[in-house]
Amino acid sequence: MRIIRDIAILLGMVLIQVYLLNEFLFFRYLNPYLYIYPLFSIVLGYQRGLQLLVAFALGASVDLLEGSGGMHSAASVFLAFILPFLYGLFKNNRDDNQDISGFQSLSLERKLGLLLIGFFIHHFALFALENFSSDAWLSLLKRSLYSSLFSFIFVLLYQLWNARR
Amino acid sequence: MRYFLLLLKRSRILILFLVLEAIALNWVVQSKSYPRAQFRSVNTEINGQISSWSNQWQSYLNLRVENDYLAQENKKLRQQLNSSLMVQNYGADTIADSVLQQRYTYIPAKVVHSSHLKANNYLVIDKGRRSGIARNMGVIGPQGAVGVVASVSANFARVIPLINNSLTISAALKKDGYFGPLKWPGKDYQKSQVSDIPRYAQIETGDSLISDGRSRYFPEGIPIGTVLNKELQADQNFFSLEIALSTDFANIKEVYIVKDVFKAERDSLINQVGP
């Protein structure tokens with residue numbers, strides 16, 4: 001049952017990304033990439049190998065639908081690979097709630113910190129691959145920073161809304 | 001051996017990570033290395049199919065703007081019709097004229113997918129090999145030059161637009177014919193850059209640039225853009241011009257593929273080996 005739910009969430013996220021978020025461009029060049037959010041919220045609880053495979057499938061489906069040729073796959077596999085290390089940094093050992101594991105057990109601030117850094121790393125990898133050359137590092141950094149902040153605003157709103165419920 | 005297997009087992013996550021990244025990066029490299037490697041036509045076909053579904057409802061949203069463009073183009077074409085020209089020849093003699101022969105034919109197509117904010121943009125159009133499209137054909141729109149066909153599948157074709165930095169075409173000043181390579185510097189999809197214009201050329205802001213007769217892709221005289229400003233290159237002998245592109249790549253729907261009837265004959269001379 002959980003598998004079906006997870007697959008539905010992942011697929012839904014890909015469709016939202018490709019047909020909704022990619023159609024709207026804010027301030028002419030900002031494009032929020034929210035499809036990686038399930039990597040934090042559900043995939044982080046999976047086995048290590050499965051995490052990478054799911055991340056690859058997620059990125060590859062965005063690539064296929066958008067025709068972006070492997071960039072999203074590479075970036076999201078990279079994110080999935082380092083995400084457990086990041087999670088280790090943010091996890092709090094003392095009041096870890098054993099009933100719910102992983103991402104959901106983090107407090108709101110820790111969640112947001114993890115999301116911000118994770119988004120930045122993913123966006124940076126993505127834009128670096130998109131540029132595919134060694135020049136224009138500064139504009140690359142700037143673009144990744146703005147874009148990840150922009151994507152982050154969306155999850156921030158979602159998290160705050162979630163926390164209030 | 002045993003130790004080796006243990007090592008393998010212990011680092012299986014790292015290996016899986018490296019394998020997946022290798023697959024993805026290989027994919028990236030393959031799709032970026034135009035024109036050395038052809039894009040896979042299977043990929044083009046799938047992308048085109050999916051985009052044409054999602055495009056059907058989107059095309060309604062832009063009907064008004066699109067109509068304007070078409071009306072303008074109609075106007076321009078109408079002006080070139082024989083009926084809108086005055087016959088200046090009142091003489092009695094007529095000559096059976098075999099001087100003018102059709103050189104270019106145009107195939108209309110619709111854009112089913114386009115990007116304009118990436119570092120490497122491209123378009124997909126809904127005509128392919130079955131409609132007679134081949135690689136390296138020029139693509140123009142109602143407002144001016146658009147790009148060049150990069151790969152073709154049965155029903156779709158992938159076009160490298162002027163706003164992709166792997167494409168260089170020759171652009172000439174309409175006024176006095178000086179020409180130079182047009183290459184997109186990136187960043188802004190409304191602007192591009194023409195370099196190597198001689199310093200003694202009299203250039204003013206607003207001068208228009210057209211496609212050059214030397215170009216392999218376009219007929220002569222297709223609008224490309226207008227000059228925004230000029231500055232001397234590092235070598236102090238040539239100007240580099242910043243230009244505003246005439247085609248609005250953020251809103252592009254109808255295009256024409258240019259088919260050069262004499263392409264084979266022309267290429268046979270260009271590709272000749274030896275003196």
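How much area is buried between chain B and chain A, and what percentage of that area do carbon and sulfur atoms give? In this predicted model, the area buried between the two chains is about 2600 Å², and carbon and sulfur atoms supply 70% of that figure. On the chain B side, the residues that lose the most area to chain A are L20(B), W27(B) and L117(B), which together make up 22% of what that side buries. The contact draws on 29 residues from chain B and 29 residues from chain A.

Polar interactions also feature in this interface. Three residue pairs are in polar contact between chain B and chain A, with both partners at pLDDT 80 or more. One salt bridge is found across the interface. Here the side chain of K118(B) meets that of E66(A), with an N to O distance of 3.1 Å.

Turning to the elements behind the chain B side of the contact, two or more residues each come from α2 (12-32) and α3 (41-61) of chain B. The largest share belongs to α2(B), which provides 14 residues. By residue type, the side of chain B that touches chain A divides into 16 nonpolar, nine polar and four charged residues.

Chain A itself is a helical chain: its secondary structure comes to six helices and zero strands, giving the pattern α-α-α-α-α-α along the sequence. Of its 165 residues, 52% count as buried. Among the contacts in chain A with a separation of 6 or more, 65% link residues 24 or more positions apart. The accessible surface of chain A comes to about 8400 Å², and carbon and sulfur atoms account for 68% of this surface.

Most residues other than glycine have a negative phi. D196(B), although not a glycine, has a positive phi of about 60 degrees. This residue is found in strand β8 (residues 191-198) of chain B. Is D196(B) buried or partly exposed? With a relative accessible area of 35%, D196(B) is partly exposed, because that category lies between the 20% and 50% limits.

Q236(B) is the other residue described here, with a positive phi of about 65 degrees although it is not a glycine. Q236(B) is found in a loop of chain B, between β10 (223-232) and β11 (238-245). At 42% relative accessibility, Q236(B) also counts as partly exposed.

Notes: Residues numbered from 1 in each chain as written. Chains lettered and ligands numbered in written order. Heavy atoms only, no water. Contact = heavy atoms within 4.5 Å. Buried area = accessible area lost by both parts, 1.4 Å probe. Salt bridge = Lys/Arg side-chain N within 4 Å of Asp/Glu carboxyl O. Polar contact = N/O pair within 3.5 Å; in protein donor to acceptor, adjacent residues only side chain to side chain. Helix = DSSP H or I, 4+ residues; strand = E, 2+ residues; numbered from the N terminus. Nonpolar A, V, L, I, M, F, W, Y, C, P; charged D, E, K, R; others polar. Buried < 20%, exposed > 50% of the residue type's maximum accessible area, 1.4 Å probe, protein only. Areas by Shrake-Rupley, 256 points an atom, 1.4 Å probe, with all protein chains shown as cover.
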